Amino acid sequence: MTVTAFGPRTFKFVSEQLELYDVRWPVKAVTDIMSNDSPRQMDREGIYSWVVLGASFTTMLIGPSLTYATGVFHVAMLKEFNEDLVLTTWVGSTFGCMFALAGPIASLIINVSDCRTCVVMSGVLMMTGLTTSFLVTDIRLLFLTVSLVAGLGMGLAGTGAIVVLGYYFPKNAAIASSICLTGAGLGIFIHPTLVQFLLEKYGFHGAYLITGGITFHACAAGMLMRPAVTERWRQQHILGGQTLRQKITLSMCGTSTMIVSVIQNVSFILFVASILCFSLGVSTQYQFLPEFFISQGSTLEKASLVVSVSGIGSILSRILVGFAASEEKIGSATLFFSINGIMAIFTFFIPLFKSSTYARIAYGFILGLYTGGVWVLMATLTLDILDLHNFATGVGIGRFFCGAGFLVGPPIAGTLVERSVTNYSAFLFSERHHPIEGVQLNKARCVKYATNNGNLYRLRAWSIGSPEPA
């Protein structure tokens with residue numbers, strides 16, 4: 001069966017296509033085909049580009065930002081099923097990590113079809129997974145309905161909504177992405193409070209049913225993302241006339257080639273390690289923050305408000321960091337190291353914020369302010385470390401490791417909480433990873449500088465905190 005499915009004819013086809021189109025950078029192949037007609041055709045998209053931007057904003061608002069309500073659902077699961085803390089934590093962590101781990105699947109769907117198909121599929125999957133959770137009476141079934149099905153849909157929504165902007169805003173992709181990600185920040189503000197209201201009004205199962213209906217609106221947003229000129233040319237000239245199996249094979253082979261090229265970059269591997277540390281810390285924070293404040297005398301409603309306020313801080317952070325990173329005297333790497341170091345200090349002193357409601361709300365705002373901007377810096381730093389040809393692959397690998405951190409971070413913290421019998425252990429676990437990511441990034445910059453200049457003496461003289469060498 002294997003020989004029949006991938007026989008000599010298939011491998012001959014792949015070899016010819018890889019030679020004909022430079023698979024190291026698929027967009028380059030599209031650009032070569034479209035030639036000088038591309039700019040004029042892109043200009044014809046006109047006002048509809050802003051319709052697509054609004055659709056992407058809406059998709060991020062109702063889809064991927066739902067992960068930040070996992071802490072509220074976590075408290076409800078503990079009461080509903082009365083199961084082991086670590087087992088309950090795994091449900092939230094697997095759901096939260098899928099927004100990144102599903103990136104390769106989303107990329108495959110986009111390469112074979114288009115962004116519109118990817119986002120519409122996400123709406124169907126999120127609706128199916130969340131609404132079927134209405135019937136679940138065993139927490140283990142939530143791994144299938146919520147974590148796998150709904151989580152996969154959430155990952156498709158996030159990837160499709162971002163990628164489509166690259167097609168419609170080739171010259172202003174950074175600004176368009178910032179506006180789109182602001183939708184995720186607004187979702188962080190809305191979802192925790194909304195989920196808490198649904199839990200109180202309709203119960204645990206009813207909350208999942210209504211949330212599934214809300215996420216289904218991603219299908220409407222996705223239908224507005226009609227294929228751009230670049231997508232249509234790609235389908236016509238690169239994938240036109242090919243069978244589905246040939247499209248999938250070519251896409252997978254091209255992706256594998258680019259991944260091998262990227263992982264050989266030591267500087268990028270160190271940067272990916274810093275992304276992993278960040279995701280370990282921030283996923284633990286959002287998972288255990290409501291439970292921590294409830295154990296200190298707060299109500300579920302007030303604890304949910306703390307997470308919602310972090311959304312306001314996240315929106316502000318994404319805007320400010322975007323402007324600051326464009327300033328040459330500051331730079332993305334300096335911002336990345338600084339804001340994570342500051343967040344580590346506030347996390348260590350979180351017991352000081354448990355005394356009153358206003359203090360808790362202040363911590364929520366600080367949490368969003370010093371973590372939201374990191375998402376903006378990830379793409380910028382990836383482009384600084386890698387060249388443009390490997391940028392898309394680098395973003396995908398970074399998202400994968402980010403998802404891995406979201407997957408294992410909360411369960412590890414949950415194990416520490418069970419052994420120490422105090423929720424503060426989870427925040428100590430988070431606090432220790434924030435400065436580590438800054439150190440890893442500094443090492444990445446050192447390696448990149450040494451590789452580019454071959455000057456070991458200047459490398460030894462460059463320490464943390466000193467200005468970047470000229």
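**Exercise 1.** Find out which residues line the largest cavity of this predicted model, and which helices they come from.

*Solution.* Start with the list: the largest cavity is lined by Thr67, Tyr68, Thr70, Gly92, Ser93, Gly96, Cys97, Ser283, Tyr286, Gln287, Phe406 and Pro410. Next, sort them by element: α7 (85-101), α15 and α20 (391-420) each give two or more residues to this lining. The largest share, four residues, comes from α7. Now go by class: you get five nonpolar, seven polar and no charged residues.

**Exercise 2.** Work out how the lining of the second largest cavity divides by class.

*Solution.* First, grab the lining residues, among them Leu66, Phe73, Met77, Val91 and Tyr208. Then look at the elements: α6 (70-81), α7 and α11 (173-215) give two or more residues each. Sorted by class, the lining has eight nonpolar, three polar and no charged residues. This cavity has a volume of about 80 Å³.

**Exercise 3.** Decide whether α15 runs roughly parallel or antiparallel to α18.

*Solution.* Take the axes of α15 (residues 266-295) and α18 (residues 357-369): they come within 12 Å and cross at roughly 175°. Angles over 145 degrees count as roughly antiparallel, so α15 is roughly antiparallel to α18. Now see who touches whom: Gln285, Tyr286, Leu289 and Phe293 of α15 meet Arg360, Tyr363, Leu367 and Gly368 of α18. By class, that's five nonpolar, two polar and one charged residues.

Key:
Residues are numbered from 1 along each chain as its sequence is written. This is a predicted model: local features need pLDDT of at least 70, side-chain atom pairs count only at pLDDT 80 or more; totals for chains, interfaces and linings use all residues. Side-chain values use heavy atoms; hydrogens and water are left out. Axes are lines fitted to C-alpha atoms, for helices over the stretch in contact, and angles run from 0 to 180 degrees between N-to-C directions. Angles under 35 degrees count as roughly parallel, over 145 as roughly antiparallel, 65 to 115 as roughly perpendicular and the rest as oblique. Contact means heavy atoms within 4.5 Å. Ala, Val, Leu, Ile, Met, Phe, Trp, Tyr, Cys and Pro count as nonpolar, Asp, Glu, Lys and Arg as charged, and the others, Gly among them, as polar. On a 1 Å grid over the protein atoms alone, a cavity is a set of points where a 1.4 Å probe fits but cannot get out, and a pocket is an open set with protein on both sides within 12 Å along at least five of seven lines; lining residues have an atom within 4 Å of a point. Grid points are joined across faces, edges and corners, and a volume is the space filled by probe spheres set on the points.
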